[in-house]
Structures are given as structure tokens and as C-alpha cells.
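Please find below a colleague's note on the structure that accompanies it. The note is meant to be read with the sequence and the model side by side.

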Amino acid sequence: MKLKHDINEMEIHRQYKDEIFQKLKSEPYAQFLGIELIEMGEGMAVAELDVADHMVNAHGTVHGAIIFAIADFVFAVACNSYGKTSVGLSTTVNFMAPGKKGSRLKATAMEEKRNHRTAWYNIKVESDGELIATMEALAYRKDHYFVPVKEES
């Protein structure tokens, strides 16, 4: 009998990519903020967000919570891109430069390594092409798949 952790997740991604993309892009908090999922691949994701007036801090620059939110969103998409339910265990964010009101943020998540239970990601956030933050993130991969997975015997 084939165990779930022996399943070819790249094949699951290819077979259910559109379904996975639609489910993840409609995440309620991302929708509330106006985050747009641009691209999703095996263990990767790209999203963009136009910075509105209410997304800045008292200094007139992009609030750290907004930067974290878009970084966390692409992390979530990337680690769930195989159709396997995954959740964040830890993140470390480095803020390098301020984002500006009216700018367009772009976040990119890339998988560095994954195994049956955990996966590691590097995320970068840019504001109009300038790198403003990075995030390192660790995901916990549950046994549950949110797309149909057929076990072979």
C-alpha cells in the first residue's frame, strides 16, 4: 500500500493546479487587503498589492503589518501549492527599507527544501522594484490533502 507521504506531490500540483490556485487566491484576509495572487508554482508564489492610504503608519510609509501580511500570504500559497494542508511554524522578517504610500508591493516566495513534515521558504518583498523586506519561514505539513488524493495499493 502506498502511504500518503509517498505520494507524488508534483503530480498532484500539476493535476489540481487550477483548483489549488483558486482556493488559495480567495483567502479572505488577502481579499480584504486587496492582495492579488499573480503566480503559483511548485513551492513558489508571487503576489502584488497596491498600497492604499490606510496602509501606512504615522511616518507615511507602508505599515510593517501590511508588509508582513503579503509576505505571509505568499508563504501560505507556496507551502500549500501541493494540495497538502500546511501551516506556519515560524517566521523571521527583516525590514530593510520603507515602502511608500501609493506604491505597488510585490512578494515572492521560494521553497528551499521540504520533506514529509516540514518545509523552508525564503520570501522577498519589493516596493516598486526596491527590496524592502525579507522573510525566512518554516511550515508544518499536515497529513491532510485539500484536493482528492488517490492512494494506490
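1. The structure under discussion is a predicted model, and local features are described only where pLDDT is at least 70.

2. Strand β1 covers residues 36–41 and strand β2 covers residues 44–50. The two pair in the antiparallel sense, with five bridges between them. Within this pairing, Leu37 has Ala47 of β2 opposite to it. Two residues separate the strands, which form a hairpin, and Gly43 in the turn has a positive phi of about 70°.

3. From β2 to β4 and β5. Strand β2 is also joined to β4, by seven bridges, and the two run antiparallel. Asp50 has Arg104 in β4 as its bridge partner. Strand β4 pairs in turn with β5, again in the antiparallel sense, over nine bridges. A hairpin is formed by β4 and β5, with three residues between them.

4. From β5 to β6 and β3. Ten bridges link β5 with β6, and these strands run antiparallel. One of the pairs sets Ile123 against Met135 in β6. Strand β3, residues 84–95, pairs with β6 in the antiparallel sense over ten bridges. In that pairing Lys84 stands opposite Tyr145 of β6.

5. The turn at Asp128. Which residue takes a positive phi in the hairpin of β5 and β6? It is Asp128, with a value near 50°, in a hairpin that has two residues between the strands. Asp128 lies in the loop between β5 (118–127) and β6 (130–145). Its relative accessibility is 58%, so Asp128 counts as exposed, the cut-off being over 50%.

6. The largest nonpolar core. In soluble globular proteins, nonpolar side chains tend to be buried together. The largest nonpolar core in this model has 45 residues, and among these Tyr121 and Ile123 touch the most other members. Two or more residues are given to this core by each of α1, α2, β1, β2, α3, β4, β5 and β6. Helix α3 provides the largest share, eleven residues.

7. The surroundings of Ile123. Leaving out residues up to four places away in sequence, Ile123 touches Ala71, Val74, Phe75, Thr108, Ala109, Ala133, Thr134, Met135 and Ala137. Met135, named in this list, is also the bridge partner of Ile123 in β6.

8. The second largest pocket. This pocket holds about 180 Å³ of space. Helices α2 (28–33) and α3 (64–80) each supply at least two residues of its lining, and α3 has the largest share with six.

9. Ile35, a lining residue. Is Ile35 buried or exposed? Its relative accessibility is 4%, and because buried means under 20%, Ile35 counts as buried. Beyond four places in sequence, Ile35 touches Ala30, Ala47, Glu48, Leu49, Ala69, Ile70 and Phe73.

10. Thr61 is found in the loop between β2 and α3. With a relative accessibility of 18%, under the 20% limit, Thr61 therefore counts as buried. Its contacts, apart from neighbours within four places in sequence, are Met55, Val56, Pro98 and Gly99. Arg114, by contrast, is part of strand β4 and, at 24% relative accessibility, counts as partly exposed. Arg114 is in contact with Glu9, Met10, Tyr82, Ala119, Trp120 and Arg141, when neighbours within four places in sequence are set aside. Arg114 and Tyr16 are 98 residues apart along the chain, and 19 Å separates their C-alpha atoms.

Note on methods
Residues are numbered from 1 along each chain as its sequence is written. This is a predicted model: local features need pLDDT of at least 70, side-chain atom pairs count only at pLDDT 80 or more; totals for chains, interfaces and linings use all residues. Side-chain values use heavy atoms; hydrogens and water are left out. On a 1 Å grid over the protein atoms alone, a cavity is a set of points where a 1.4 Å probe fits but cannot get out, and a pocket is an open set with protein on both sides within 12 Å along at least five of seven lines; lining residues have an atom within 4 Å of a point. Grid points are joined across faces, edges and corners, and a volume is the space filled by probe spheres set on the points. Helices (H or I, at least four residues) and strands (E, at least two) are DSSP runs, numbered from the N terminus. Buried means under 20% relative accessible area, exposed over 50%, partly exposed in between (1.4 Å probe, protein chains only). A nonpolar core is a set of buried Ala, Val, Leu, Ile, Met, Phe, Trp, Tyr and Cys residues joined through side-chain atoms within 4.5 Å. Contact means heavy atoms within 4.5 Å. Two strands pair if DSSP finds at least two bridges between them.
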